[in-house]
Amino acid sequence: MASNIIKGDKSERELTFMGKLYFPEIFKGMAFSIKHIFRPTVTLQYPEEKPDLGPEFRGRPVLVKEKDQERCVACGLCARACPPLAISMQANETADPKERFPEVFEIDMLRCIYCGFCEEVCPEEAIVMSPDYDFNFVDRKDAVYGKDRLLIDKNQLQPRLNFLAEKRNKQFGKNINFKEDNNGHILRDRTND
Amino acid sequence: MSNKVYAFRDKVNLTFFPKHQDAIYRRLEDKHTSVEVDEDPLGTLMTINLGPQHPATHGVLRCVIQVNGELILKSVVDVGYLHRGVEKLAENKTYQEFMPYTDRMDYLAPYSNNVAWCLAVEKLAGVEVPYRAQWIRTIACEMARISAHLLWLGTMVMDAGAISMFLWTFRERENLYDLFDKMAGVRFTVSHCRIGGIQYDLSDDIRKGIINWKENFKKEFKSWKKLLTNNGIWYRRNIGIGVVSKEDAIAMGFTGPSLRASGVPHDIRLFEPYLVYDKLDFDIPVRDEGDCFARFQIRMEEIAQSIRLLDQLLESIPSGDIRADNAKHTYPSKNEVYYSMEGMIHDFMMTDMGVCPPKGAEIYSAIEGPKGELGFHLISDGTGSPWRCKIKSPSFSNLQMLEKMLEGSMIADTVVLIGSIDPVMGEADK
Ligand code: SF4
Ligand code: SF4
């Protein structure tokens, strides 16, 4: 590969006669500015106008709610993977002795850095990144989101789930024909098992 | 210590970290003096704190300067206001968990940092990365270089007094960030690189988006060049200011564009190729003068070279996987995790234990970031987190030269000098 070391030439440091005159350059600068006045504006009038964010955007992490119940099985993996230790949870057993659910699930939004690692490691696709980014609080206690604010219905998160199914899930290794309802362990009716 | 010598120290009331403040002022007053001199007899010397909140210092850099009129006689540069203990954090996180923290070091080119970290860990643990992933990383690294240089260009010209240029470069940078958003999911702190590959694939739409942006940017870039070439004001603010000789540059550890502006043709992309740089054509601009203007020229040419690299990189992206398929080194694909017990076990093992390089392994791996040589020195003790992580950050080593550059120059040049070495305090202070 032809990579060279190129030295500049001395003339690039010298001003021409017009440059030395000083004033023409000031007018050149003005002309540039005036030209830019007539260009279309790019400023977004936030919050009246919102940016157009696709499903790939990583907003605040939320829990998927399916059939009025969380998908989460309280395995604790997201809390382990979270770099700034934003997630804390307390597991409990459901009526079915085979399953567990998170009794308490809290994400401290002041600690969260929106890295998406929780979503990446979750074995149940129970925690995903929502497009929601503009939320605020007046108190530090308000910033700890519990299950009441974290649980979002699956229908609302469908764009992100579709995006993940397409982009992330099958990308390398063997192509496995995976059935989506595998992710709903906790929802399964085991009365006839 | 007689009161006569430490004149300034006795006049101020030190409340905030008094010992540290005291040491700084003492160092300033002691500089370049070998004999005890009488207190400035005419009272013409003045001590000024430039920063840490001064907008022209590009973050929280503090320069304490002693001036005689407009002339800077002595200076002491104080870093550390943005210290977050990143190296220590690395020792307490798994290799994978630490990756988002690197975004927050040189926050103007997060992707370069991600890549530098992942390459270091991959070298340490012997992870093979698929060719396509390396290719996409190279694309993103060059985009990051352009975006970092755009910010430098805008702020540097603004430091010299022209504010509108800043708005124009920021508009282009915004477009670049939109592309990062489409590619990685977030505009700024991308966290897109993974040990053993990357997170999501680069779709053809995004590739076309980058090509469109690039064609548009070429025109913009040409017009900026036209504005700054032969511009008397700009030339006079830069030529002959802050000259750093070749010897000084090497002795004080200058890196990156600043080093090349002093006549040392060192670029890691060329001499120790990483990623896919050995497959690409690009030139290394070098200048001998070592002044602010030379540093400006180098960075402008580097933008042009990055565009040239993007031209070659985007023509066609090799097909293949984007992450290594080895459960001991990287996460398995999500389908495998959802489907099979082995996949799930690997998912848990990777999260809890992470990549475990061999015990005692020790490496140094560096890349050419936008600011210069960004290196990681890692020592493994066989567990999932490094036993020691030392970060060689380019901004920190570039700042070592600043004291010497400031002394003997005018007050009005300080902002241009700081702008021309382009420090990012998030990285210098770590
Ligand atoms: S959200 Fe997912 S990773 Fe976190 S505890 Fe629930 S199932 Fe486990
Ligand atoms: S997005 Fe990252 S920081 Fe936020 S909760 Fe998930 S893992 Fe933690």
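A:Ile5 stands opposite B:Ile284, a residue of strand E6 of chain B. Around this pair, strand E1 (residues 5–7) of chain A and E6(B) run parallel and are joined by three bridges. Strands (E, at least two residues) and helices (H or I, at least four) are DSSP runs, numbered from the N terminus, and two strands pair if DSSP finds at least two bridges between them.

This is a predicted model: local features need pLDDT of at least 70 and side-chain atom pairs count only at pLDDT 80 or more, while totals for chains, interfaces and linings use all residues. Residues are numbered from 1 along each chain as its sequence is written, and chains are lettered from A and ligands numbered from 1 in the order in which they are written.

## The wider interface

How many residues of chain B are in contact with chain A? There are 54 of them, and they meet 49 residues of chain A; contact here has C-beta atoms, placed from the backbone, within 7 Å. Elements that give two or more residues to the chain B side include H7, helix H13 (292–315) and E6 (284–286).

That side of chain B divides into 25 nonpolar, 10 polar and 19 charged residues. In this scheme Ala, Val, Leu, Ile, Met, Phe, Trp, Tyr, Cys and Pro are nonpolar, Asp, Glu, Lys and Arg are charged, and the others, Gly among them, are polar.

## A helix pair in chain B

Let us turn to two helices. H6 (residues 131–159) and H7 (residues 163–184) of chain B pack at about 165 degrees, with their axes 7 Å apart. That makes H6(B) roughly antiparallel to H7(B), a label for angles over 145 degrees. Axes are lines fitted to C-alpha atoms over the stretch in contact, and angles run from 0 to 180 degrees between N-to-C directions.

Among the contact residues are B:Leu150 and B:Gly154 of H6(B) and B:Phe166 and B:Arg173 of H7(B). By class, this contact has 13 nonpolar, four polar and two charged residues.

## Strands and a ligand in chain A

Strands E4 (residues 87–93) and E5 (residues 100–108) of chain A pair antiparallel over seven bridges, forming a hairpin with six residues between them. Within it, A:Met89 stands opposite A:Phe105. E5(A) is also joined by two bridges to the antiparallel strand E7 (residues 144–145), where A:Ile107 stands opposite A:Tyr145.

Ligand 1 is surrounded by residues including A:Cys72, A:Cys75, A:Cys78, A:Cys122 and A:Glu124, each with its C-beta atom, placed from the backbone, within 6 Å. The shell has nine nonpolar, one polar and one charged residues.

Terms used: Angles under 35 degrees count as roughly parallel, over 145 as roughly antiparallel, 65 to 115 as roughly perpendicular and the rest as oblique. Two residues are in contact if their C-beta atoms, placed from the backbone, lie within 7 Å.
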